[in-house]
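Subject: A structure for you to look through

Dear colleague,

Please find the sequence and the structure below, and keep them open beside this message while you read.

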Amino acid sequence: MHDPARVKLLVLDVDGVMTDGSIVLDDDGRETKCFHVRDGLAIKLWQRLGFRTAIITGRDGRVVAHRARELGIDLVAQGSADKGSALVTLAAAAGVHLTDCGALGDDWPDLPMLRRVGYPMAVGDADPRVKAAAAFVTATRGGRGAVREVIEHLISSKGLMDRALALYDT
Ligand SMILES: [Mg+2]
């Protein structure tokens, strides 16, 4: 039933998934996050292959909007108290059925979206209950290449790895 090859829309949490979970605040309360460059390349690759990405985060801030714009992600839900309903809204906007969605999370607020997608995934250092809800758990940690690992896993399941590599290894 959990088939990675079906995934057309990849839904990502931010803190602890696209980052290592650190929330860095300066004296003025401005927030800084560290993203992984190889995650970014994988997201762009995923989209070049014709698939979609969405971001759902419980927090709110310009840093996520900047990163989303940089990566060409237009499906973004910030300040989501209920990630399950945010997922339903974004999947509908993308025209993708929930069974054809994959989601990657790390903590309890991600459970409502992980329960609803066809292919739930957790980062290697996710909370144990989140790992238990996942069909796939990465070897890598959040913010340390977990998104890259997930995208390579999905692409490989679809039999598209050679095509993906050929975009770069010319
Ligand atoms: Mg998180």
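Strand 1 (9-12) and strand 4 (residues 52-56) run parallel and are joined by four bridges, and in this predicted model helices (H or I, at least four residues) and strands (E, at least two) are DSSP runs, numbered from the N terminus. Within that pairing L10 has T53 as its bridge partner in strand 4, while V11 has A54. Strand 1 is also joined by four bridges to strand 6, again running parallel, and there L10 stands opposite G102. Both pairings belong to an open sheet of six strands in the order 5-4-1-6-7-8, with parallel pairing, where two strands pair if DSSP finds at least two bridges between them. Strand 5 and strand 8 (136-137) are the edge strands, each pairing on one side only.

Since the model is predicted, local features need pLDDT of at least 70 and side-chain atom pairs count only at pLDDT 80 or more, whereas totals for chains, interfaces and linings use all residues.

Next comes the metal site. The magnesium ion has as its protein donors D13 (OD), D15 (O) and D106 (OD), which lie 2.0 to 2.1 Å from it; donors are N, O and S atoms within 2.8 Å of the metal (3.2 Å for Na, K and Ca), and water is not among the atoms, so sites may look incomplete. In sequence these donor residues are spaced D-x1-D-x90-D.

M113, found in helix 4, counts as buried because its relative accessibility is 0%. Leaving aside neighbours within four places in sequence, M113 is in contact (heavy atoms within 4.5 Å) with residues including V11, D13, A103 and L104. M113 and V11 are 102 residues apart in sequence, yet 8.8 Å apart in space, C-alpha to C-alpha.

On which side does helix 2 carry its buried residues? In helix 2 (residues 62-71), V63, V64, R67, A68 and L71 are buried, and they lie on the same side of the helix because they cover an arc of only 130° around the axis, the arc being that of the directions from the helix axis to the C-beta atoms. The face turned away from this buried side carries the exposed residues R62, R69 and E70. The buried residues of helix 2 pack against strand 3 (31-32), helix 1 (37-48), strand 4 and strand 5 (75-77). Helix 2 is followed by G72, whose phi is positive, near 75°.

M18 is found in the loop between strand 1 and strand 2 and counts as buried, at 4% relative accessibility. Not counting residues up to four places away in sequence, M18 touches several residues, among them D13, F35, R67 and V147.

M18 also lines the largest cavity, together with F35, H36, D39, G40, I43, R67, L71 and V147. On a 1 Å grid over the protein atoms alone, a cavity is a set of points where a 1.4 Å probe fits but cannot get out, and lining residues have an atom within 4 Å of a point. The largest cavity has a volume of about 40 Å³, a volume being the space filled by probe spheres set on the points, which are joined across faces, edges and corners. Helix 1 gives the most to this lining, with three residues, and helix 1 and helix 2 each supply at least two.

With best wishes

Definitions and conventions
Residues are numbered from 1 along each chain as its sequence is written. Side-chain values use heavy atoms; hydrogens and water are left out. Buried means under 20% relative accessible area, exposed over 50%, partly exposed in between (1.4 Å probe, protein chains only). On a 1 Å grid over the protein atoms alone, a cavity is a set of points where a 1.4 Å probe fits but cannot get out, and a pocket is an open set with protein on both sides within 12 Å along at least five of seven lines; lining residues have an atom within 4 Å of a point.
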